[in-house]
Amino acid sequence: MARYKRDFKWFAAVSTLTIGCGVYEYTPCAYCGLPAWGTDHVIPKTFCYKLSDVENVLPHRLWLVPACLECNSMGGDKVFTSLARKRAFIHQCIRRRYKKILRIPEWTKEERDELSPELARYVVHGLRLREIVYSRLRYPKR
Ligand SMILES: [Zn+2]
């Protein structure tokens, strides 16, 4: 219980994202930091309802964290002893799912300049995707 309280301290945190001239606020996913589109039951509902005194074990509000759809589905109905362990599991799943993107090598500006414009755009797109995946894996560290 104490461990869950410690993990859940930062949930009210709101991040900002600057796109062009606009600054947008969003609630980050508790597992990867992308904008959360819903909530995730850290302790799966299917597991909680098996406990006869579930209301005494954890207050309902402590079960939910903001989460993106991908992380929510990756967690599935597995039970973890802390939010950090569930996050570590989800990071493993992200690493596995995006292993090809994570293997994209670094390209210098000079190397990219030698490519055709279409191929250079393709490489830059891959490098941006790789950076997004790395930032998800580093979360909550920046
Ligand atoms: Zn996520």
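Which residues of α5 are buried? I opened the notebook with this one and kept in mind that the model is predicted.

**Helix α5**

I looked up the burial of each residue in α5 and found Leu83, Lys86, Arg87, Ile90 and Ile94 buried. Viewed down the axis of α5, these buried residues fall within an arc of 100°, so they line one face of the helix. On the face of α5 turned away from the buried side I noted the exposed residues Ala88, Gln92 and Arg96. I also checked the length of α5, residues 83-97. Its 15 residues, at 1.5 Å each, should span 21 Å, and the end C-alpha atoms are 21 Å apart, which agrees.

**Overall layout**

I counted eight helices and four strands in the protein chain. Along the sequence they follow the pattern α-β-β-β-α-α-β-α-α-α-α-α. Of the 142 residues in the chain, 18% are buried. I then took the contacts between residues at least 6 apart in sequence, and 64% of them join residues at least 24 apart.

**Confidence**

I recorded a mean pLDDT of 84 for the chain, with 82% of residues reaching 70 or more. Which element has the lowest mean pLDDT, and which the highest? Helix α1 (residues 2-7) has the lowest, at 47, and helix α6 (residues 99-102) the highest, at 96. Over residues 1-10 the pLDDT stays under 50, and the model has seven contacts beyond four places in sequence for that stretch.

**The nonpolar core**

I looked for the largest nonpolar core and found that it has 16 residues. Those with the most contacts inside this core are Cys29, Tyr31, Cys32, Ala67 and Cys71. At least two residues of the core come from each of β4 (64-67), α4 (69-75) and α5. The largest share, three residues, is that of α5. As a general background note, nonpolar side chains in soluble globular proteins tend to be buried together.

Tyr31 is in contact with Ala67, Cys71, Arg87 and Ile90, leaving aside neighbours within four places in sequence.

Where is Cys32 found? I placed Cys32 in the loop between β2 and β3. Cys32 has 24 C-beta neighbours inside 10 Å and therefore counts as buried, the cut-off being 20 or more. With neighbours within four places in sequence again left aside, Cys32 is in contact with Cys68, Cys71, Ile90, Ile94, Arg136 and Tyr139.

**After α8**

I looked at the peptide bond from Tyr139 to Pro140 and found it cis, with omega near 10°. Pro140 has its place in the segment after α8 (117-138).

How many bridges pair β1 and β2? I found five, in the antiparallel sense, with β2 covering residues 22-26. Within the pair, Thr18 stands opposite Val23 in β2. The hairpin has two residues between its strands, and Gly20 takes a positive phi near 60°. I then asked about burial in β1 (residues 15-19). The number buried among its five residues is zero, so β1 lies largely in the open.

**His41**

I found His41 in strand β3, residues 38-41. Is His41 buried or partly exposed? His41 has 17 other C-beta atoms within 10 Å, so I noted it as partly exposed. Not counting residues up to four places away in sequence, His41 touches Trp63 and Leu64. I also took the C-alpha to C-alpha distance from His41 to Pro66, which is 9.0 Å for a separation of 25 residues in sequence.

Key. Residues are numbered from 1 along each chain as its sequence is written. This is a predicted model: local features need pLDDT of at least 70, side-chain atom pairs count only at pLDDT 80 or more; totals for chains, interfaces and linings use all residues. A residue is buried if 20 or more other C-beta atoms lie within 10 Å of its own, exposed if 12 or fewer, and partly exposed in between; C-beta atoms are placed from the backbone. Two strands pair if DSSP finds at least two bridges between them. Two residues are in contact if their C-beta atoms, placed from the backbone, lie within 7 Å. The expected span of a helix is 1.5 Å times one less than its number of residues. The arc is that of the directions from the helix axis to the C-beta atoms. A nonpolar core is a set of buried Ala, Val, Leu, Ile, Met, Phe, Trp, Tyr and Cys residues joined through C-beta atoms within 7 Å. pLDDT is the predictor's confidence in each residue, from 0 to 100.
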